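Good morning, and thank you for coming. Please look at the sequence and the structure while I speak.

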Amino acid sequence: EGVHFDLSYMPLKHLGYKAVVVNLSDVYAMNAKATQITVSIAVSNRFSLEALEDLYAGIETAAKIYNVDVVGGDTTSSKTGLLISVTALGEVEEPVYRNGAKPSDLLVVSGDLGGAFMGLQVLEREKEVYKVNPNSQPDLEPYTYIIERQLKPEARKDIVELLKDLDVKPTSMIDISDGLSSEIIHLCKQSNVGCDLYEEKIPLDPQVISTCEEFNIDS
């Protein structure tokens, strides 16, 4: 808490959901099928039972949607705030690592980029406005997509199935929760290759572009 999430704008149900999904994403990024998760939390005394039920409702929803079983975990107390640790387990027929990329491979992404980052910018801005005027209610309607990318991201389980249907085996895979640039460096270093990025081909949602203009950021 305070590093990966801010409870002033992150609903606990969404947090439970997101904590599961970001871990499943790493399993799918090895061309694997996620099957089970364990969930451990450390909680301070400012959380009510109802609050924890919300958190676990989000965890349960993610487990149902992604068809994984919650098989264990741990609960303990914390002196500072909320800590969540999720471990995802899976099964794989043909694992894909980060070190298999070859020269002349095509580098592709499975979705549009930058949405979660811009969603965070909007939420942080509205938090500052709220601090100054607690009566102001933000109009988040124009930012629905990017805020959802931040508060309720989805893992790309569909990509594993799609690649199988197409009979395509990728040489190398990684999930890009930390952003395109740092993850490409991981792939390149581990695979001992370089890469060419085509800026005009990076997929951006129109909402990302318009919000970038608003914040004076180069999309």
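How are H3 and H4 oriented to each other: roughly parallel, roughly antiparallel, oblique or roughly perpendicular? Before the answer, a word on the source: this is a predicted model, in which local features need pLDDT of at least 70, side-chain atom pairs count only at pLDDT 80 or more, and totals for chains, interfaces and linings use all residues. Residues are numbered from 1 along each chain as its sequence is written, and side-chain values use heavy atoms, leaving out hydrogens and water.

The axes of helix H3 (residues 115-132) and helix H4 (residues 144-151) come within 7 Å and cross at roughly 100 degrees. H3 and H4 are therefore roughly perpendicular to each other, a term that covers angles of 65 to 115 degrees. Contact, meaning heavy atoms within 4.5 Å, involves residues of H3 including Gly-115, Met-118 and Leu-123, and residues of H4 including Ile-146, Arg-149 and Gln-150.

I turn now to Lys-18, which is placed in helix H1 (residues 12-28). Lys-18 is buried (under 20% relative accessible area, with a 1.4 Å probe and protein chains only). Leaving aside neighbours within four places in sequence, Lys-18 is in contact with Met-10, Gln-150, Leu-151 and Pro-153.

Finally, Met-30 lies in the loop between H1 and strand E1 (33-43). Beyond residues up to four places away in sequence, Met-30 touches Val-92, Glu-94, Pro-95, Val-96, Tyr-97 and Met-173.

Terms used:
Axes are lines fitted to C-alpha atoms, for helices over the stretch in contact, and angles run from 0 to 180 degrees between N-to-C directions. Helices (H or I, at least four residues) and strands (E, at least two) are DSSP runs, numbered from the N terminus. Angles under 35 degrees count as roughly parallel, over 145 as roughly antiparallel, 65 to 115 as roughly perpendicular and the rest as oblique. Buried means under 20% relative accessible area, exposed over 50%, partly exposed in between (1.4 Å probe, protein chains only). Lys and Arg count as positive and Asp and Glu as negative; His and the chain ends are not counted. A salt bridge is a side-chain nitrogen of Lys or Arg within 4 Å of a carboxyl oxygen of Asp or Glu.
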